[in-house]
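Please keep the viewer open as you read.

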Amino acid sequence: MTDINRRAFIRAAGGVAALGATLGFPSLALGSARRVVVVGGGVGGSTVAKYLRKLDPTLAVTLIETKPSYTTCFMSNEVLGGERTLESITFGYDGLRRHGVDVVMDTAVGIDPVKKTVQTASGKGFDYDACVVSPGIDFKWGAIAGYNAEIAANSVPHAWNAGPQTLLLRRQIEAMPEGGRVIIVAPPDPFKCPPGPYERASQIALYCKHHKPRAKIIILDAKDAFSKQGLFIEGWTKLYGYGTDNSMIQWVGGSGGGKVESLDAAKLSIQAEIEEFKGDVVNIIPPQKAGAIAFAADLAEGDWCPVNKRTFESKRHKDIYVLGDASSAAKMPKSAYAANSQAKVAAAAIVSRFHGLEPGDPTFVNTCYSVVGEDFGISVAAVYSHDAATNSIEPIPNSGGISPAKASPEIRKREVSYAHSWFKNVINDMLE
Amino acid sequence: MGVDDMKSNEIMNKVIRNLILAALALGPAAVLAAPSGQALSFTCAGCHGTDGSSVGPSMPAIAGMDPGVFIDAMKAYREDQRNPTIMNRMAKAYTDEQFKEMAWFFAGQRLRSMPQKHDAALAARGADLHKKHCEKCHEKGGRPGDAGTLAGQWMPYLEYTLGDFLDGKREWPRKMKRKVDAAVAEEGKNALPALIHYYGSQHQ
């Protein structure tokens with residue numbers, strides 16, 4: 001097959017379906033390999049690195065990540081519930097190395113979009129033909145008076161990036177007195193993992209149900225509604241007495257005085273809009289913005305990074321792509337599945353461009369499971385397409401949605417096992 | 001020919017095969033259809049593993065799946081059949097044409113199944129039962145074919161599926177109920193666990 005025929009064939013089959021078939025392209029045969037530098041080894045960064053190599057094995061892909069292993073925030077609520085260990089959600093990068101990705105332990109501190117170089121904390125520069133930035137979230141310290149990064153690390157954890165703070169929060173819950181009170185402060189939209197704070201309350205309740213049955217968990221929320229609310233309340237009612245005087249979980253929404261103004265860390269006391277709440281354990285999930293490199297590299301507008309929804313290329317700088325939580329993907333939630341799905345769209349777009357092809361039409365999926373308690377799993381799912389006229393990502397009408405209300409115990413139980421299998425497969429798809 | 005050449009030839013052959021499959025599935029009229037079959041299929045990996053080789057015991061492997069079986073399954077889910085939890089919500093997003101494109105993508109993938117813990121004696125009984133009652137439709141010990149993949153399939157998934165058939169939550173394919181009844185008549189309540197352990201023992 002000649003290159004021209006091959007190229008026509010690629011088009012006929014619909015975009016990058018070709019990949020390996022592009023091995024013979026003259027541009028690649030003559031020049032050195034195209035370089036892609038990926039910043040951030042979370043879901044978006046790992047997935048894009050793997051799929052770039054999968055789609056075009058001639059690419060030189062470098063992934064720059066500060067930490068030698070990745071601890072997933074998803075499923076970390078089960079560490080709080082005592083259902084799994086932190087080790088069980090921690091993964092190294094050897095799988096990516098086996099895919100031919102050069103994994104570098106360093107911290108990206110800046111990107112020069114003109115010279116096309118990523119600068120790192122160790123003083124190195126990594127030249128790129130395309131750069132992918134997937135830094136996840138950072139916190140807006142100062143939004144709650146009296147709360148800062150140091151207090152979070154030592155006494156009032158956010159635990160919204162899994163790791164030492166997850167273990168700190170777990171130890172605090174174990175150490176609190178029988179009949180103790182846990183306060184969870186849920187952030188305003190948009191934030192990473194919309195159902196997460198409510199799953200967290202559920203998992204802490206699961207632990208307390210067995211070990212501290214008189215404990216209370218109070219969620220103070222800036223919002224008046226939350227993800228999968230009806231399903232969470234169905235689960236809390238069934239498992240934790242929600243709605244009765246003995247309810248283990250109490251949710252205080254924004255109009256009920258749930259908005260938090262300040263923390264007195266020494267007293268573990270929170271001043272909310274109407275009342276003061278004192279806890280034995282306090283977990284504040286602060287308002288969020290894109291990770292630091294997004295601001296250092298001038299990729300953000302406001303808190304997040306605007307992108308072309310067809311390719312996830314930055315709207316601010318050419319040849320830089322922003323994935324996952326840090327990007328402004330509007331109708332897609334900031335979730336692991338969303339980042340995984342966006343990464344494949346970006347990988348295909350980058351490979352298409354390297355081969356002089358227009359990127360194909362993107363398609364996206366999101367699926368989020370929450371484990372509310374023993375044998376009680378729930379999910380939300382969506383399939384999205386790209387609307388070229390508005391350059392927006394839109395859920396496909398009459399599809400997706402949440403688990404049905406009042407489903408049978410068998411279905412709820414199956415969704416727990418699906419949650420755990422989903423976890424294995426998404427890890428497989430990003431790192432193995 | 002060097003190892004690299006052999007490898008690139010192998011890649012090329014696989015790519016060409018996939019392209020031919022994709023082109024067959026698309027047909028000339030469908031070239032304008034929006035996302036490619038590959039792009040559509042990549043979105044499934046978060047739950048079904050990369051290219052459909054699931055590593056999660058409750059999620060079926062769909063790599064190497066017969067295209068007809070794939071399309072039938074997606075259509076059934078779209079109609080809320082088969083006691084679904086989430087696949088009905090996903091399937092409603094796609095057209096028949098897109099089902100076809102995904103079907104051909106997964107048909108072109110090699111199934112990489114994982115070893116599963118199983119009871120060897122039970123699996124041996126299962127092998128016998130399979131040969132007598134199931135092999136006629138699920139050929140070659142239930143390897144991917146036009147009656148669905150059983151060999152190497154995840155055992156918890158097979159338990160769910162067989163449970164749904166027995167509980168009347170999923171419609172039996174032609175003749176299958178009679179065959180399952182015959183296996184149970186022969187072996188008693190161990191018949192289905194034996195078959196599941198047999199299929200679970202057949203990783204490749």
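How many bridges join S6(A) to strand S7 (residues 117–120) of chain A? There are 4 bridges between S6(A) and S7(A), and the two run antiparallel.

## About the model

This is a predicted model, in which local features need pLDDT of at least 70, side-chain atom pairs count only at pLDDT 80 or more, and totals for chains, interfaces and linings use all residues. Residues are numbered from 1 along each chain as its sequence is written, while chains are lettered from A and ligands numbered from 1 in the order in which they are written.

## A sheet and a hairpin in chain A

Helices (H or I, at least four residues) and strands (E, at least two) are DSSP runs, numbered from the N terminus. Two strands pair if DSSP finds at least two bridges between them. In chain A, 3 strands make an open antiparallel sheet in the order S6-S7-S8. Its edges are strand S6 (108–112) and strand S8 (125–127), each pairing on one side only. From one strand to the next, the twist averages 20 degrees. Within the sheet, Asp112(A) has Thr117(A) in S7(A) as its bridge partner.

Further along, strand S24 (residues 376–387) and strand S25 (residues 392–395) of chain A pair in the antiparallel sense, again over 4 bridges. Here Tyr384(A) stands opposite Pro395(A) in S25(A). The two strands form a hairpin with 4 residues between them, and Asn391(A) in the turn has a positive phi of about 45 degrees.

## A covered helix and the cores

Helix H3 (residues 43–55) of chain A reaches 18 Å from its first C-alpha to its last, close to the 18 Å expected at 1.5 Å a residue for its 13 residues; the expected span is 1.5 Å times one less than the number of residues. In H3(A), 12 of the 13 residues are buried, including Lys50(A) and Arg53(A). The buried residues of H3(A) pack against several elements of chain A, among them strand S1 (35–39), strand S2 (60–65) and helix H12 (409–431).

A nonpolar core is a set of buried Ala, Val, Leu, Ile, Met, Phe, Trp, Tyr and Cys residues joined through C-beta atoms within 7 Å. The largest has 161 residues, and Leu52(A) and Leu220(A) are among those with the most contacts inside it. Helix H11 (residues 336–354) of chain A gives the most to this core, with 13 residues. Apart from it lies another core of 13 residues, among them Ala123(B) and Leu150(B).

## Chain B

Chain B has 11 helices and 0 strands, and buried residues make up 47% of its 204 residues. The axes (lines fitted to C-alpha atoms over the stretch in contact, with angles from 0 to 180 degrees between N-to-C directions) of helix H7 (residues 120–134) and helix H11 (residues 191–200) of chain B come within 7 Å and cross at roughly 100 degrees. H7(B) is therefore roughly perpendicular to H11(B), a label for angles of 65 to 115 degrees.

Where does Ile86(B) lie? Ile86(B) is in the loop between helix H4 (67–78) and helix H5 (87–91) of chain B. Ile86(B) counts as buried because it has 23 C-beta neighbours inside 10 Å. Two residues are in contact if their C-beta atoms, placed from the backbone, lie within 7 Å. Leaving aside neighbours within four places in sequence, Ile86(B) is in contact with Thr367(A), Ser379(A), Ala381(A) and Tyr418(A).

Conventions: A residue is buried if 20 or more other C-beta atoms lie within 10 Å of its own, exposed if 12 or fewer, and partly exposed in between; C-beta atoms are placed from the backbone. Angles under 35 degrees count as roughly parallel, over 145 as roughly antiparallel, 65 to 115 as roughly perpendicular and the rest as oblique.
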